[in-house]
Amino acid sequence: MRLSARVDYALRAAAELAAASGGPVTAEQLARAQAIPGKFLENILTQLRRAGLVRSQRGPVGGYWLARSASEISLADIIRAVDGPLANVRGERPEDVDYDGAARSLQLVWIALRASERSILESVTLEHLSTGDLPGPVRRLAEDPEAWAS
């Protein structure tokens, strides 16, 4: 799985917003906290705002904050907002691709891959991320990646 810089930056900025103790956080503060290029971050925050995941206010006391509780926003929500669907094949849903011959089963692999990604990315919220208290199955998989394969 390849994650774009935009997704990486969006998740890091969203984690900072989740960890903020009330009040708006400026784009400059977020950029500084996570070493994210400012202009790039502003574009990402605009995408998150348009997706209804963050809110913003202009002015001297302005900034950004989460539109919902950190426990209600999954990593999958953030990824979809900035990069689109979690898993697609040449821009199509895995169910919509078709292969012939020896590659026929590849469609099932793509569907399983997407399901696996979803099971992790939809179960981890910004609250989990910002507090470091990841769900048990995710923590166990990270501690022993080979266990899944057995």
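Local features need pLDDT of at least 70 and side-chain atom pairs count only at pLDDT 80 or more, while totals for chains, interfaces and linings use all residues. Residues are numbered from 1 along each chain as its sequence is written, and side-chain values use heavy atoms, with hydrogens and water left out.

**View 1. Overall fold of the predicted protein.** The protein has eight helices and two strands. Both kinds of element are DSSP runs numbered from the N terminus (helices: H or I, at least four residues; strands: E, at least two). Their order from the N terminus is α-α-α-β-β-α-α-α-α-α. Along the principal axes, the C-alpha atoms fill a box of roughly 65 × 30 × 25 Å. Of the 150 residues, 32% are buried. Buried means under 20% relative accessible area, exposed over 50%, and partly exposed in between (1.4 Å probe, protein chains only). Among contacts (heavy atoms within 4.5 Å) with a separation of 6 or more, 54% join residues 24 or more positions apart.

**View 2. The largest pocket.** Its volume is about 320 Å³. A pocket is an open set of points on a 1 Å grid over the protein atoms alone, where a 1.4 Å probe fits, with protein on both sides within 12 Å along at least five of seven lines; lining residues have an atom within 4 Å of a point. Grid points are joined across faces, edges and corners, and the volume is the space filled by probe spheres set on the points. Of the 16 lining residues, Arg-2, Leu-86, Ala-87, Asn-88 and Glu-117 are closest to the centre. Helices H4 (75-83) and H5 (106-121) each give two or more residues. H5 has the largest share, three residues. The lining holds 11 nonpolar, two polar and three charged residues. Here Ala, Val, Leu, Ile, Met, Phe, Trp, Tyr, Cys and Pro count as nonpolar, Asp, Glu, Lys and Arg as charged, and the others, Gly among them, as polar.

**View 3. The second largest pocket.** This pocket has a volume of about 180 Å³. Its lining includes Thr-26, Glu-28, Arg-49, Arg-58 and Tyr-64. Helix H2 (27-34), strand E1 (54-57) and strand E2 (63-66) each contribute two or more residues. By class, the lining has two nonpolar, six polar and three charged residues.

**View 4. Helix H4 and its surroundings.** Leu-75, Ala-76, Ile-78, Ile-79 and Val-82 are the buried residues of H4. Seen down the helix axis, they fall within an arc of 160°, so they line one face. The arc is that of the directions from the axis to the C-beta atoms. These residues pack against H1, H3, H5 and H6 (126-131). Beyond four places in sequence, Ile-78 touches Ala-10, Leu-11, Ala-14, Leu-48, Leu-53, Ile-73 and Leu-126. Gly-84 follows H4, with a positive phi near 85°.

**View 5. Ser-74 in the loop between E2 and H4.** Ser-74 counts as buried, at 7% relative accessibility. Leaving aside neighbours within four places in sequence, Ser-74 contacts Leu-121, Glu-122, Val-124 and Thr-125.
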